[in-house]
Amino acid sequence: MAEVMEGKLNSAQAMELENKYGAHNYHPLPVVLDRGEGVYVWDLEGKKYYDFLSAYSAVNQGHCHPHIVGAMKAQAEKLCLTSRAFYNSVLGKYEKYITEYFGFEKVLPMNSGAEAVETAIKICRKWAYEKKGVAADQAKIIVCGENFHGRTTTIVSFSSDSDARNNFGPFTGGFESIPYNDLNALEAALQDPNVAGFLVEPIQGEAGVNTPADDFIQKAGALCKSKNVLLIADEVQTGIARTGSLLAVCGNCNCQGNCERQATYTKPDILILGKALSGGSYPVSAVLADDEVMMVIKPGEHGSTFGGNPIAGEVAIAALEVVDNERLAQNARKMGELFRTEMQKMVDTTSIVSLVRGRGLLNAVVINDTPDSKTAWNICVALKENGLLAKPTHGNIIRFAPPLVMNEEQLLDCVRIIKETILTFEKA
Ligand SMILES: *Cc1c(COP(=O)(O)O)cnc(C)c1O
């Protein structure tokens, strides 16, 4: 215990502590991170790694970005939390900034991604009863198979992942699941006049960077509009420049990442953001909508003690400024193309990798083995030994999502590590 207090842990001891005292709700790769800067993290023994997970795309701006950390420190020394019982001197400024940044009239600030999804569900249902005229308790929200929207009781109610659901019932009703990227199924589901919303990830991150047809969101949005149904985009993972444009719903406008402020994209009725909204430095999430939708929420009907706190506001402004100042969408687009081109060469010339897919710097490679095989996990352990951290998602798929501040030289170094490591798993 004295060792713990003096901070002289080694990695084995740190892992032992987590295993002994923490709930076993994760299965981490065996590496203990102690420090981060930009695209790099270091373990307790001082070994340096490229981070190719970015905390599930929360650290888009790179680890410990000085502009974000500076904003957080300055505000932490001034005022941390007031609750929403009172006004604070940062919240209004932040609300103006983020609504103008994304082109919506209102924002509702929360902390985690799951809370923001819950918030969107509540807003959508209330809108259905008070604006669309759906009969009491009949509102239905359409979701997609293999979705990931978080871990609360309501959200796991419409998950198709048995680990997320098993023995967590009874579940919340009012959701109907259709296959992802299936406009016919959406059109059929929209025939029900009680449908209030369509909740969708523009690219399914957790499902293995499941990338739909280029025009899927655009056409889904048009179908929803024709039936007076709200398009709810969960961009907690895909948003904030990750996929090579500010939002993934801009993905098909051929703007080369330059159209962030133009209306040439499919504007969702409700936009859900989290993760990189703080550059991974603080839990900050947000739900954005126009007045017609957002103003159904009245005082006392929804809230959060920490949502909209002054530190969160300053941190989010700084994090969004970094995205602009460092042109992260454009960089993600360029580096992403390079990454997929290089991975495609491996797909073409070896049998161990069967597919590479993704957009911007949200990519995945599919390992040519059964979904329940250990190959992808073993490759990630070997990548770790070689100085690069990534994690399998859905068995035999490895997601590659580095911080968006990665430059070309670093990316090519990573491509080399990935190729050399994966090739050692090629069966003779
Ligand atoms: C991570 C994620 C969430 C949940 O965010 P938390 O902050 O972990 O609650 C929701 N939706 C998507 C698409 C995500 O990737």
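Predicted model: local features only at pLDDT ≥ 70, side-chain atom pairs only at ≥ 80, totals over all residues.
1. Domain layout. The domain assignment divides the protein chain into domain 1, made of residues 2-61 + 328-427, and domain 2, made of residues 66-325. The centres of the two domains, taken over C-alpha atoms, are separated by 26 Å. Domain 1 contributes 28 residues to the contact, and domain 2 contributes 36 residues.

2. The interface between the domains. The size of an interface is often expressed as the accessible area that is lost when the parts come together. Here domain 1 and domain 2 bury about 2,600 Å² between them, and 50% of this lies on carbon and sulfur atoms. On the side of domain 1, the residues that lose the most area to domain 2 are Q61, R333 and R359, which together account for 32% of what that side buries. Two salt bridges are found across the interface of domain 1 and domain 2.

3. Strand β8. How many of the five residues of β8 are buried? Five of the five, residues 230-234, are buried, so the strand is largely enclosed by the rest of the structure. Both faces of the strand are covered: L230, I232 and D234 are buried on one side, and L231 and A233 are buried on the other.

4. The neighbours of β8. Strand β7 (residues 195-200) runs parallel to β8 and is joined to it by four bridges. Within this pairing, V200 has A233 of β8 as its bridge partner. Strand β9 (residues 270-273) also runs parallel to β8, with three bridges between them. In this second pairing, I270 of β9 stands opposite I232. Helix α10 (residues 216-226) belongs with β7 and β8 to a right-handed β-α-β unit.

5. Salt bridges overall. Side chains of opposite charge can pair when their charged atoms come close. The structure holds 16 salt bridges. One of them joins R399 and E206, whose closest N and O atoms are 2.7 Å apart.

6. The pair E314 and K93. These two residues form a salt bridge in which the closest N and O atoms are 2.9 Å apart. K93, at 46% relative accessibility, counts as partly exposed.

7. The pair D291 and K106. The closest N and O atoms of this salt bridge are 2.8 Å apart. Since D291 lies in helix α11 (residues 291-294) and K106 in strand β4 (residues 106-110), the pair ties together parts that are 185 residues apart in sequence. D291 counts as partly exposed at 28% relative accessibility, and K106 counts as partly exposed at 30%.

8. K140 and D192 meet through their side chains in a salt bridge of 2.8 Å, N to O. K140 is in strand β5 (residues 140-144), whereas D192 is in the loop between α9 (183-189) and β7, so this pair ties together parts that are 52 residues apart in sequence. D192 has a relative accessible area of 23% and is partly exposed.

Note on methods. Residues numbered from 1 in each chain as written. Heavy atoms only, no water. Buried < 20%, exposed > 50% of the residue type's maximum accessible area, 1.4 Å probe, protein only. Helix = DSSP H or I, 4+ residues; strand = E, 2+ residues; numbered from the N terminus. Pairing = 2+ DSSP bridges. Right-handed = clockwise from strand over helix to strand, strands pointing away. Domains from an automatic or database assignment. Contact = heavy atoms within 4.5 Å. Buried area = accessible area lost by both parts, 1.4 Å probe. Salt bridge = Lys/Arg side-chain N within 4 Å of Asp/Glu carboxyl O.
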